[in-house]
Amino acid sequence: MKSKEKDTLQKLREITGAGVMEVRRAFQEANGDFDKALAKINQVRGLVDWLQIDILDSTLIPNSTFREFGACREIVKDFKLEAHLMVNDPAKYVQPLAKAGFKRLIAQVEGTMIREFITAARLHEGIEVGVAIDAPTEL
């Protein structure tokens, strides 16, 4: 991370009180524009209880996302965290997400390890478990 970008992210955090991940995501979505990032962060602060974070690893969808789940702990102060796991093996993400404070885990039923995911997630007290189904998927 460049020094200027790091300074900008720190400034956003100081102004908004937002967590690291929330600031990074807003900054990326705003294409590095400070004012746009600040506006995105503040759009939902105090308005919603849940924040959903999409987790992709290029196994179901050709993209990859931020996976420093420990940084999500800072967001827990303002939001309940939910992860939408668009990955082939969602079970391997259960432990780190639970440890980071996620309270709801939803995995794509198209993944090959869905039963293992449900079993692993149910082992964590206080975690809600769900599945997402893509419209064309045959059950």
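1. E3, H5 and E4 make up a β-α-β unit that is right-handed, a crossover being called right-handed if, with the strands pointing away from the viewer, the path from the first strand over the helix to the second runs clockwise. Helices (H or I, at least four residues) and strands (E, at least two) are DSSP runs, numbered from the N terminus. The model is a predicted one, in which local features need pLDDT of at least 70 and side-chain atom pairs count only at pLDDT 80 or more, while totals for chains, interfaces and linings use all residues. Residues are numbered from 1 along each chain as its sequence is written, and side-chain values use heavy atoms, with hydrogens and water left out.

2. The sheet is open and consists of 4 strands in the order E1-E2-E3-E4, with parallel pairing; two strands pair if DSSP finds at least two bridges between them. E1 and strand E4 (128-132) are the edge strands, each pairing on one side only. Direction ignored, neighbouring strands of this sheet are turned by 20 degrees against each other on average, where axes are lines fitted to C-alpha atoms, for helices over the stretch in contact, and angles otherwise run from 0 to 180 degrees between N-to-C directions.

3. For E3, parallel pairing with E4 extends over 5 bridges, and parallel pairing with E2 likewise extends over 5 bridges. Arginine 104 in E3 has glutamate 82 opposite it, and in E4 its bridge partner is glutamate 128; further along, alanine 107 stands opposite valine 131 in E4. Because 5 of the 7 residues of E3 are buried, this strand is largely enclosed by the rest of the structure; buried means under 20% relative accessible area, exposed over 50%, and partly exposed in between (1.4 Å probe, protein chains only).

4. The chain crosses from E2 through H4 to E3 in a right-handed β-α-β crossover. In helix H4 (residues 91-99), the buried residues are Ala91, Tyr93, Val94, Leu97 and Ala98. Seen down the helix axis, these buried residues fall within an arc of 130 degrees, so they line one face of H4, the arc being that of the directions from the helix axis to the C-beta atoms. The face turned away from this buried side carries the exposed residues Lys92 and Lys99. Just after H4, glycine 101 adopts a positive phi of about 100 degrees.

5. The buried residues of H4 pack against strand E1 (50-56), E2, strand E3 (102-108) and helix H5 (114-122), contact meaning heavy atoms within 4.5 Å. H5 lies across E2, E3 and E4, and runs at about 160 degrees to E4.

6. Histidine 84, in strand E2 (residues 80-86), counts as buried because its relative accessibility is 13%. Its side chain makes a polar contact with the side chain of glutamine 108 at 2.6 Å; a polar contact is a pair of N or O atoms within 3.5 Å, where, within protein, one must be able to donate a hydrogen and the other to accept it, and residues adjacent in sequence count only if both atoms are side-chain atoms. Leaving aside neighbours within four places in sequence, histidine 84 is in contact with Gln52, Ile53, Asp54, Ile55, Ile106, Gln108 and Ala132.
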